[in-house]
Amino acid sequence: MLPDSLGEHATAAAVENFDSDALTGGKFDRGELTLEIAAGQLIPVLRFLKDNQEFVRLSSVTAVDRYPAEPRFEVVYHLHSITKNERLRLKCRISGADPVIESATVVWRSANWYEREVFDLFGIRFLNHPDLRRIMMPDDWEGHPLRKDYPVTGYRV
Amino acid sequence: MVLNMGPQHPSTHGVLRLLIELDGEIITKCQPDIGFLHTGIEKEFEVKNYQQAVTLTDRVDYLAPLSNNLGWCLAVEKLLGLEIPPQAQWMRVMLAEFTRLNSHLVWLGTHAIDIGAMSVFLYCFREREEILRIFEMFSGQRMMTSYFRIGGLALEPPRGWYHRVKKFIDVFPSRVDEYENLLTANPIWIGRTKGIGYISLEDMLDLGVTGPMLRAAGLKIDTRKDKPYTSYEKFDFDVPTRTENDVFARYQVRIEEMRQSAKIIRQAMEGMPSGPWKAADEHVVLPDREKMKTQMEALIYHFKIVTEGFRVPEGEVYQVIESPRGELAYYVVSDGTTSPYRVHMRTPSFGNLQATSKMVEGILIADVIASIGSMDFVLGDTDR
């Protein structure tokens with residue numbers, strides 16, 4: 001469902017028209033549009049935005065850990081439309097017990113490294129990712145450093 | 001044959017490792033391996049207060065410290081809703097363009113040395129040295145400047161900066177001509193760069209490439225024009241483009257960008273507004289020394305800001321700027337405390353480097369150096 005305050009935003013309205021079940025919330029704050037998407041419908045929405053709404057670039061994929069709240073993780077996608085000179089943020093909330101989401105590599109190849117980074121540092125798995133390995137940390141590293149329950153300093157016991 | 005290039009290869013400019021599979025001299029597969037310079041800066045942000053975190057941003061891209069300072073400060077100022085006085089904004093533009101010159105000069109010098117043109121390096125570093133001296137004059141530091149602070153600048157612009165900058169900018173265009181004399185019509189340079197490192201525009205957009213590489217493929221994209229920040233809209237400059245989309249075109253784009261940056265610096269220098277160089281918000285900006293000696297409130301604010309930091313309202317922003325390498329974005333999530341809840345840096349080198357495989361597969365091993373050199377990545381920026 002589209003919040004009333006977003007009625008005048010063409011992109012928000014277009015996503016609402018495309019699949020109103022997929023849109024679970026959104027806001028327009030400090031000049032930036034954020035849409036919350038149900039994790040299950042992410043890929044069709046991304047494809048729609050790329051093919052029909054001119055968002056040709058995926059600028060970044062990252063995550064936010066809301067530990068100890070549940071659903072724990074927000075996976076954040078920043079899209080960029082060059083022709084419309086517009087940016088858009090998409091958010092999917094996923095649970096901390098088994099953090100898993102569909103990979104966006106089928107829509108943009110650039111998602112490959114961005115998602116590997118999120119996998120490495122947050123431990124979120126991306127389904128159908130062609131090459132899901134650690135990218136920053138050593139291959140035999142234990143734990144995921146950007147999680148909130150991972151200490152900043154200290155010794156391994 | 002499998003060839004392991006790097007991580008300690010002189011032309012990978014840091015610690016990039018390329019696993020290259022060869023069939024004779026033709027590359028059949030190339031797999032970049034990064035992460036050797038990962039320092040956990042994004043985690044470090046979460047335990048620093050907002051003003052302290054400025055020093056972390058220098059260390060991300062050590063060839064363009066002020067661009068990173070700028071991205072971070074703009075992001076936090078957007079969260080705070082802080083108004084920056086004109087003099088600070090123009091100073092920021094001027095120094096950000098100096099950073100672009102600095103970065104492009106290092107790129108040109110090292111790129112030329114990789115391909116075999118030794119002397120260009122010495123010429124470029126002559127000018128770069130003067131830029132670093134100008135940085136030192138402003139901030140006291142040559143490389144890790146931290147000169148932009150949330151709310152304005154770290155220090156008052158130093159006495160005599162105008163003449164120093166003027167002296168540099170008066171001769172700089174003729175120095176660019178010198179580089180061009182050495183390279184642009186040089187048959188060896190042309191032979192090593194023309195038609196090399198082609199990758200289609202569609203592939204680049206799909207793979208996350210930004211900056212001069214896109215402009216060398218004919219796409220006129222530049223955040224300074226598209227979404228002007230820190231009053232870039234008041235400056236007159238062009239966004240150079242080429243359509244050949246090879247190493248030589250990227251060289252031409254960057255050479256022209258240097259000329260345009262010099263033009264912006266001249267405009268900023270000549271039109272520098274007077275007035276304050278930091279914002280008037282006493283909750284965020286440290287008070288003047290004079291006031292602290294005479295006013296109780298100023299002393300209290302000073303104590304609070306230094307010991308605790310300032311609170312930033314809840315919210316999230318994605319601040320995009322045009323760094324010398326391409327699209328640099330700071331994604332900052334605030335939970336209303338004095339430290340950021342989460343900071344993500346979308347760095348241009350990380351995106352650009354993803355295109356390596358696509359660019360070098362099918363070409364000769366001897367052209368790898370020229371191709372990856374034309375991407376102008378910094379491994380600190382890639383691995384963070």
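Look at B:Leu3. Its opposite number is B:Ile20, in S2(B). This is a predicted model, so keep that in mind throughout.

Now the strands around that pair. S1(B) and strand S2 of chain B, residues 17–23, run antiparallel and are joined by four bridges. The sheet itself is open, with three strands in the order S1-S2-S3 of chain B, paired antiparallel. Which strands stand at the edges? Strand S1, residues 2–5, and strand S3, residues 26–33, both of chain B. Each has a single partner strand, so one side of each has no neighbour in the sheet. From one strand to the next, the twist averages 20°.

Step back to the whole of chain B. We have 17 helices and eight strands. The radius of gyration of chain B is 22 Å; the globule rule gives 21 Å for 384 residues, so chain B is as compact as a globular protein of that length. The C-alpha trace spans about 75 × 45 × 35 Å along its principal axes. Of the 384 residues in chain B, 51% are buried. Take contacts in chain B between residues at least 6 apart in sequence: 70% of them join residues at least 24 apart.

Last, the contact between chains. Chain A puts in 26 residues, chain B 28 residues. On the chain A side, strand S3 (57–65), strand S5 (86–94) and helix H3 (111–122) each supply at least two residues. Which element gives the most? S3(A), with six residues. By class, that side of chain A has 12 nonpolar, seven polar and seven charged residues.

Definitions and conventions:
Residues are numbered from 1 along each chain as its sequence is written. Chains are lettered from A and ligands numbered from 1 in the order in which they are written. This is a predicted model: local features need pLDDT of at least 70, side-chain atom pairs count only at pLDDT 80 or more; totals for chains, interfaces and linings use all residues. Two residues are in contact if their C-beta atoms, placed from the backbone, lie within 7 Å. Ala, Val, Leu, Ile, Met, Phe, Trp, Tyr, Cys and Pro count as nonpolar, Asp, Glu, Lys and Arg as charged, and the others, Gly among them, as polar. The radius of gyration is taken over C-alpha atoms; the globule rule is 2.2 Å times the number of residues to the power 0.38. A residue is buried if 20 or more other C-beta atoms lie within 10 Å of its own, exposed if 12 or fewer, and partly exposed in between; C-beta atoms are placed from the backbone. Two strands pair if DSSP finds at least two bridges between them. Axes are lines fitted to C-alpha atoms, for helices over the stretch in contact, and angles run from 0 to 180 degrees between N-to-C directions.
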